[in-house]
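The following paragraphs lead the reader through a protein structure, from its charged pairs to one of its helices and then to the contact between its chains. Please keep the sequence and the structure in view while reading.

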Amino acid sequence: MEFKTQDTNENYEEKTLCVFVLDCSGSMIRADRIGKMEAGLREFMKEIGDDTATSQCLEIAVITYSAEFQLVVQPTLVERANLPKLVADGPTLMIPAIDEAIRVVEERKKYYRGMVPYRRPFIILLTDGEPYPEGQDFAGVKSRIQEGESGAHFTFWAIGVGEANMAFLTGLSVRPPRKLEGTKFMQFFEWLGNSMKIVSQAPSGSKAKIPSPDDWIEC
Amino acid sequence: MKKKISSPIAYCSGSSAGLHHTAEGKTCQDASMVGIEASGWVIAAVADGAGSSQHSHLSSQLAVKTIVDRIAKLAASDRWNAPHFRLEDKFWRETSISLFKVVREEIIRLAKEEKADIEDFNTTLIVACMKGNVLAIAHVGDGRVAVRDQAGNWAAGISPFRGRYSNETVFVTMEDWLSNPSMLETSVTNKEFTGLALLTDGVEHAAFICKILSSEGAPFDDPNIPSKEFWEPLHQQLVSMYRKGEPHKSIQAKWSQFLKRGTPNLASAIDDKTIILIAK
C-alpha cells in the first residue's frame, strides 16, 4: 500500500482547462520560433495571473514534444505553473503528445467532477511541421479528436507555424487549423488570453463569443 | 524524529524541497519533529524557514528541536504528571510565550555563532502537544493545522497569520510577536479527536480550501477548510499501515515519496513542503 489521495481544488470557481501541446522539434529553432513561443506563453500566463477573476478559473497544462513527449506543467492555475525553458531539438513525436493531452483532459475532468463546475477544456497544438518519424497512429488520434469534438469532451485547435503541413492539420482537426503569420506568437497568445478571459467569465451555461484572430492569422 | 517508546499513535512526518529550491540546488528550508514521551504526551512541530533568509534551514531545524525538547522536559515533570494537572488556556498561553521566547533566544545565539544577522534565520513555527483528548497548539506565522474529529470530519486548528501582502507573515525571530499578542496564537481543546496534521504553507494549496473569489472587499477569501478528499484517504492509509505492523521506517519512506509527487499539486509545488500526519 502506498500513500495516495485526491488533489484539493484550490477554490470552488468554475474551471476552464487549456492544454498546450508545443512542438519543440529541431526546426523550431528557425527564426527563434521556440524562443518567441515561450515568450508568448509566459506573457499569456502573466496576463492571466494579473486578472483577479480569470486567474482563479483558468488552469493550464503544457506538453512538449520532440523525440519524446513530456507533461512539463501538470494542470494547475497559472500562478502555480512552473514553465521550464523550452529547447528545440529532435524529431516530431506529435501524435502521442496529442494523445497525452486527451488523457490529461479526461483525468482532470474526473478530478473536477463532484467538486467544481467546469467548462469544456481546450487542447491547443502549435507546430511548424508534421509528425516524424512515420508510423505514428494518425488515424487513431484523428478518430479520438473527432470523438472528443462531437461528444463535446474538448475543443481542439491546431495552429501551424512556418513550414507546418496545413493539409495534414486539416485532416487531423475537426475545426479548420489556423496559420500563424510569421512568428506572431505574442499576438496569438494575447488573443488567446483575451479569449480565455471571456470564456472563463461568461455566465454558466452560456456560449462565449471570442474575438477575431485577425491580428495573428495568416490570410 | 524522536521515539522513546513503541508508539501509541500512528504517525508520519517529513519535508520535501519545492521546485524553486530543487531548480537552484538549494536545501529544503522546512523542518519537522515528533516526540513521543513515556508519560503519554505526544509533541509535534513544523517550521518553515523564510526563503529570503540565507540560513533559515538551520533555524527551522533548531526551532523544532528546541520546542519539542523543552515540551518533552515539561511532559516529564511532576507538575504535568500530577493527577490533578489540567492543561488549560491561560497556562498554555503563558507556557507558549516562554517556549517561543526560548526558541527565539536559541536562534539569536546561533546567529551570533554564525556571525550573521538574525534576519538570515527567519522561520515560522507551529507546535502541538496532545494526550488523551487534550490538544494544545501554538504558532507564530503561517502554515496550517487540520484536526479530525470522532465522526471523521476535518476542521482547521489554527488561523495562519498573514501580513498586508499575500507573501508576508511574522517569524519567531522577529520582535513583533513579543509586543503583539495576536501574533502568537494558542489554543487548548478537550474534545475527542482522531487525527491531526501540521503543515507548512507550501502544501496548503494541495490540502486546504484557502482561496476563493470574494464577493466584496478584498479579492479573495480564505475559508481555511481542510479538504476531506485530501486528508481522509491518507488518514485511513496510515491507520491501515500501523495496524498491519508496518515498520515506521517503511511508512516514513512512503510518506517521503508522497510529499515529493503524491498529487499533481504536490509535484508542482514551488515552495518547500512539510506535513506531520498523526492518527490516534
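In this predicted model, A:R30 and A:E163 form a salt bridge, with their closest N and O atoms 2.9 Å apart. A:R30 belongs to the loop between β1 and α1 of chain A, and A:E163 to the loop between β5 (155-160) and α4 (166-172), so this pair ties together parts that lie 133 residues apart in sequence. A:R30 counts as partly exposed because its relative accessibility is 44%. A:E163, at 46% relative accessibility, likewise counts as partly exposed.

A second salt bridge links A:R119 with A:E14, and here the closest N and O atoms are 2.6 Å apart. A:R119 is found in the loop between α2 (94-112) and β4 of chain A, while A:E14 is in the segment before β1, so the pair ties together parts 105 residues apart in sequence. Both A:R119 and A:E14 are buried.

In general, an α-helix has 3.6 residues a turn, so residues three or four places apart point the same way. A:K46 counts as partly exposed at 46% relative accessibility, whereas A:D50 counts as exposed at 53%. Salt bridges that share partners also join A:R30, A:R33, A:D128 and A:E163 into one network. Over all chains, the structure holds 24 salt bridges.

Helix α1 itself deserves a further look. It comprises the 18 residues 33-50 of chain A, which at 1.5 Å a residue should span 26 Å; the C-alpha atoms at its ends are 26 Å apart, in agreement with this. Which residues of α1(A) are buried? They are A:R33, A:I34, A:M37, A:E38, A:G40, A:L41, A:F44, A:M45 and A:I48. What covers them includes β1 (16-23), β2 (58-65), β4 (122-127) and α5 (185-201) of chain A.

The contact between the chains remains. Chain A contributes 21 residues to it and chain B 33 residues. Together the two chains bury about 2,600 Å² between them, 57% of it on carbon and sulfur atoms. A:M1, A:F3 and A:R80 supply 31% of the area that chain A buries against chain B, more than any other three residues. Between chain A and chain B there are zero salt bridges, but seven residue pairs are in polar contact.

Definitions and conventions: Residues are numbered from 1 along each chain as its sequence is written. Chains are lettered from A and ligands numbered from 1 in the order in which they are written. This is a predicted model: local features need pLDDT of at least 70, side-chain atom pairs count only at pLDDT 80 or more; totals for chains, interfaces and linings use all residues. Side-chain values use heavy atoms; hydrogens and water are left out. Helices (H or I, at least four residues) and strands (E, at least two) are DSSP runs, numbered from the N terminus. The expected span of a helix is 1.5 Å times one less than its number of residues. Buried means under 20% relative accessible area, exposed over 50%, partly exposed in between (1.4 Å probe, protein chains only). Contact means heavy atoms within 4.5 Å. Buried area is the accessible area (1.4 Å probe) that two parts lose on being put together, summed over both. A salt bridge is a side-chain nitrogen of Lys or Arg within 4 Å of a carboxyl oxygen of Asp or Glu. A polar contact is a pair of N or O atoms within 3.5 Å; within protein, one must be able to donate a hydrogen and the other to accept it, and residues adjacent in sequence count only if both atoms are side-chain atoms.
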